[in-house]
Amino acid sequence: MYFRRLLVTASFLTIGVLAFTPALAKPPKDKPGGGGGGGDDGGSTAAYTIVPFAPTGVPFDSSGIAELTDAGDVVGVVDTENGQSSYHLDLSTGAYTALPGRVWSVNESGEIAGVRFVDSQPVEGYYLSAPTAIPLPLLPLEGDTGVDVYSINDSRLIVGTSFGASSGLTAVVWRPILNDDGTVVVNGPVPLNPLEGDSSSIAIDINDSVVADVFEVLGESDSVSVIWTIQIDSNGALSSPSDPISLGTSVKGYAINLLGDVCGSSSGPTRPIYLPSDGPAQSLKVVRNTSSGRAMDLNGLGKSVGQIE
């Protein structure tokens, strides 16, 4: 299982960890006649309201946040005595919506990608145009038996992996297309081939476009991190992807930003790294006595979040 985002049992939305308490940290509202803390009110410091990521009244053991958008959409999972459930949270209203299966990703339009399970196995991906919409199936490649879904970008391209009982793993891309009559059809899955000589591929992340309608997919060919390029045509359909470009055997990529920069970890020893699109990999500083670490996600400014041990 490959985790593009750091899904932990204790996460809060200012990008941090609150030990053993799954939580969201919300900035305070402005004080009447003041600036919400700080400024000229005597040097006070803004406080934060800490609330659990879980619907009110639902007993839970732990929970984790998979993704937060600028628009205030949050998706994640809540572990209860009856198992794991996925939810969407609208930060503007505080309303939770139960989602099918397991969800990993939401884009800035509130569109969601996830996967359904049968007998604890992921068999069918789904796309939601909104948290309360009817799920649209994301099917595997012909002859395969299931899929896993990892990321959706703001142009509605969805990446994941198609697999079968004996066919191995193949990275794939889907794109739901919205027709003028209001109907939605899924273009794909389009396979992303491995490096020459390799037997399998997986897709982990996809960025948003800087060059119009051109996107980069981060994944792996066998155990080597690679990047594919894929475009959408004038009708919104997916074009044939490029051949994969290897990032080398010493880099394991976890996320790619709109500039094509990658974050991840190095091998031997495992350390968090930042790999700009136009230069060599750079080691990220860690605290003393760190035994290992990895950078799990990054934004367009090259700022990363991750974990260390």
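This is a predicted model: local features need pLDDT of at least 70, side-chain atom pairs count only at pLDDT 80 or more; totals for chains, interfaces and linings use all residues.
**Stop 1: the core**

Select Leu157, Val173, Leu192, Val217, Ile230 and Leu238. Within the largest nonpolar core, which has 16 residues, these six touch the most other members. Now colour the strands β13 (168–178), β14 (184–192), β15 (201–206), β16 (214–221) and β17 (224–231), each of which supplies at least two residues of this core. The biggest contribution comes from β17, with four residues.

Keep leucine 238 selected and show its surroundings. Leaving aside residues up to four places away in sequence, leucine 238 touches Leu157, Val173, Trp174, Arg175, Asn187, Val190, Ile230, Gln231 and Ile232.

**Stop 2**

Select β19 (251–256) and β20 (262–266). The two strands run antiparallel and are joined by five bridges.

Leucine 258 counts as partly exposed because its relative accessibility is 39%.

**Stop 3: a surface patch**

Together with Leu258 they form a nonpolar patch on the surface, with about 360 Å² of accessible area.

**Stop 4: salt bridges**

The whole structure holds four salt bridges; three of them are visited here.

Select lysine 252 and glutamate 220, whose side chains meet in a salt bridge at 2.6 Å, N to O. This pair links distant parts of the chain, with lysine 252 in strand β19 and glutamate 220 in strand β16, 32 residues apart. Lysine 252 is partly exposed at 26% relative accessible area, whereas glutamate 220 is buried at 2%.

Next, select arginine 102 and aspartate 148. The closest N and O atoms of this salt bridge are 2.4 Å apart. Arginine 102 lies in strand β7 (residues 102–106) and aspartate 148 in strand β11 (residues 146–152), so the pair ties together parts that are 46 residues apart in sequence. Both arginine 102 and aspartate 148 are buried.

Finally, select glutamate 124 and arginine 116, a salt bridge whose closest N and O atoms are 3.6 Å apart. Glutamate 124 is partly exposed, with a relative accessible area of 23%. Arginine 116 is partly exposed too, at 31% relative accessibility.

Note on methods
Residues are numbered from 1 along each chain as its sequence is written. Side-chain values use heavy atoms; hydrogens and water are left out. A nonpolar core is a set of buried Ala, Val, Leu, Ile, Met, Phe, Trp, Tyr and Cys residues joined through side-chain atoms within 4.5 Å. Buried means under 20% relative accessible area, exposed over 50%, partly exposed in between (1.4 Å probe, protein chains only). Contact means heavy atoms within 4.5 Å. Patches are made of residues with over 30% relative accessible area and no salt bridge: like charges are joined within 9 Å, nonpolar side chains (Val, Leu, Ile, Met, Phe, Trp, Tyr) within 5 Å. Accessible areas come from the Shrake-Rupley method with a 1.4 Å probe; for residues, only the protein chains shown count as cover. Two strands pair if DSSP finds at least two bridges between them.
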